[in-house]
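Please go through the briefing below with the sequence and the model side by side.

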Amino acid sequence: VDFADIVRAVRFSACGRLLAVGGEDRQISILLPQQGLSKVLALRCLAGVRCLAWSPNAHFLASGGEDNQVCVWDVIAGSIAFTLPKAADWICAVALSSDGQWLASCGFGRNEVQLDPLDD
């Protein structure tokens, strides 16, 4: 599958049925691996995407990147569920805990990890 610009992040959902791809084209593509990587959803971002993380049930997808912000997407609705306050620099990693209770993130040039609780 070809993309409009450089791909920076790929992440399978826990069940393996969905593949999220993001990069410099400021878009997250949700693909179906079992159907030849057909695109089922495109989520438009404000800047390049550097990292992705799925919730355990694949209902939500966290993204971070060059807009200095973590976005949590409601994949079913195809829209942003919520965002975290902007960081000082690009977001380089995001992770959702396996119990769905925590969101961890870190940025370039920072020597710390931000841990945020998630509401049910």
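On a 1 Å grid over the protein atoms alone, a pocket is an open set of points where a 1.4 Å probe fits, with protein on both sides within 12 Å along at least five of seven lines, and its lining residues have an atom within 4 Å of a point. This is a predicted model, in which local features need pLDDT of at least 70 and side-chain atom pairs count only at pLDDT 80 or more, while totals for chains, interfaces and linings use all residues. Residues are numbered from 1 along each chain as its sequence is written, and side-chain values use heavy atoms, leaving out hydrogens and water.

- The largest pocket holds about 300 Å³ of space, a volume being the space filled by probe spheres set on the points.
- Its lining comprises 15 residues, of which Ser55, Phe60, Gly100, Leu118 and Asp119 are the closest to the centre.

**Fold**
- The chain has 11 strands and 0 helices, where strands (E, at least two residues) and helices (H or I, at least four) are DSSP runs.
- Along its principal axes, the C-alpha trace spans about 40 × 30 × 20 Å.

**Burial and surface**
- Of the 120 residues, 42% count as buried, meaning under 20% relative accessible area with a 1.4 Å probe, protein chains only.
- Among contacts (heavy atoms within 4.5 Å) between residues at least 6 apart in sequence, 28% join residues at least 24 apart.

Terms used:
Buried < 20%, exposed > 50% of the residue type's maximum accessible area, 1.4 Å probe, protein only.
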